[in-house]
Amino acid sequence: MYKRILLKLSGEALMGDRQYGIDPDRLADYAKEIKTVLDQGIEVAIVIGGGNIFRGVAGASKGMDRVQGDHMGMLATVINGLALQGALEDQDIPTRLQSAIKINEVAEPFIRRKAMRHLEKGRVVIFGGGTGNPYFTTDSAAVLRAIEIEADVILKGTRVDGIYNTDPEKDAKATKFDYITFDDVLRKGLKVMDTTAFTLSQENKLPIIVFDMNKPGNLLKVVSGEKIGTTVNL
Ligand code: UDP
């Protein structure tokens, strides 16, 4: 169904049941899920968040300079990227980590053409460092990179199984959308991504699928076109 996907994983997803940091078992599970998709011949790029380690806004709210905080957040995504790279390599999956901030001893710099070449060769490309700019999020990085590398879709792996009319973790009567348009998400004031990321996706006609990444087999089902999660499209 898809030739090339961009998978967005939040930093928090890597925590598993922990309060902070990285759960190696969760990482290993994700690596296995990703392998099932690669085995279908689908090219996989990944943008990883950093919220399990540091968020710039949280630091700034405690008196830290926001830009420094965001730099720390971006470095956190590189740490997560390395951890994910390790877990993928443990499954014999060839990977490259590209960073938006220069950290050459640790990761390749982000070079679009190189990233696309890696993907064509079947390597998983992990994009760390977000967009490389403060005041952005890794959701914006995910949309930006997806457009740049001409991915067919953004798969936003979360711990909820889609987009609901109200918060399903707080409201038992919340109902899920199978499909929703970008316009309806905005009209209803639903939260899918931050506005910058969301409108960038809309303007570039890049569909987003929000799905539960923690349910084994879901990632493969999504790329096989099964009705999993919520699809946001024009
Ligand atoms: N960040 C940033 N610019 C970017 C992406 C991320 O400054 O382009 C910083 C920001 O401080 C953010 C942190 O990195 O809070 C971690 O990213 P994010 O909160 O998007 O991670 P997630 O919520 O996906 O775990």
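## Annotated domain

Residues 3-212 are 39% helix and 20% strand. The end C-alpha atoms of this span lie 21 Å apart. The model is predicted. UniProt, in an unreviewed entry, lists residues 3-212 as "domain: Aspartate/glutamate/uridylate kinase".

## Shell around the ligand

The ligand is surrounded by 20 residues. The closest are Arg55, Asp70, Thr131, Asn133 and Thr138. Sorted by class, the shell holds twelve polar, four charged and four nonpolar residues. Helix H3, residues 66-90, gives the most to this shell, with three residues.

A polar side-chain atom of Thr131 lies 2.6 Å from a ligand oxygen. Taken alone, the ligand exposes 530 Å², and the protein buries 93% of that.

## Thr131

Thr131 sits in the loop between strand S5 (124-128) and helix H5. Its relative accessible area is 16%, under the 20% cut-off, so Thr131 counts as buried.

Thr131 has several partners. Leaving aside residues up to four places away in sequence, Thr131 touches Ala100, Phe136, Thr137, Ser140, Ala141, Leu144 and Arg145. A polar atom of the Thr131 side chain also lies 3.2 Å from the backbone nitrogen of Asn133. Both Thr131 and Asn133 are among the residues closest to the ligand.

## Annotated binding site

The unreviewed UniProt entry marks a "binding site" at Lys8, Leu9, Ser10, Gly11, Gly51, Arg55, Thr158, Tyr164 and Asp167. These residues are spread over 160 residues of sequence. They are also spread in space, with up to 25.3 Å between C-alpha atoms.

Two other annotated positions lie in loops. Ser10 falls between strand S1 (4-9) and helix H1 (24-38). Ser10 is partly exposed, at 26% relative accessible area. Beyond residues up to four places away in sequence, Ser10 touches Gly49 and Gly157. Asp167 falls between strand S7 (163-164) and strand S8 (176-177). Its relative accessibility is 34%, so Asp167 counts as partly exposed.

## Positive phi angles

Most residues other than glycine have a negative phi. Asp92 has a positive phi, near 60°. This residue lies in the loop between H3 and strand S3 (95-99). Asp92 has a relative accessible area of 68%, over the 50% cut-off, so it counts as exposed.

Glu150 also has a positive phi, of about 60°, although it is not a glycine. Glu150 lies in the loop between helix H5 (138-148) and strand S6 (153-158).

Technical notes: Residues are numbered from 1 along each chain as its sequence is written. This is a predicted model: local features need pLDDT of at least 70, side-chain atom pairs count only at pLDDT 80 or more; totals for chains, interfaces and linings use all residues. Side-chain values use heavy atoms; hydrogens and water are left out. A residue is near a molecule or strand if one of its heavy atoms lies within 4 Å of it. A polar contact is a pair of N or O atoms within 3.5 Å; within protein, one must be able to donate a hydrogen and the other to accept it, and residues adjacent in sequence count only if both atoms are side-chain atoms. Accessible areas come from the Shrake-Rupley method with a 1.4 Å probe; for residues, only the protein chains shown count as cover. Helices (H or I, at least four residues) and strands (E, at least two) are DSSP runs, numbered from the N terminus. Ala, Val, Leu, Ile, Met, Phe, Trp, Tyr, Cys and Pro count as nonpolar, Asp, Glu, Lys and Arg as charged, and the others, Gly among them, as polar. UniProt positions are given in the numbering used here, feature names are shortened, and annotations may be inferred rather than shown by experiment. Buried means under 20% relative accessible area, exposed over 50%, partly exposed in between (1.4 Å probe, protein chains only). Contact means heavy atoms within 4.5 Å.
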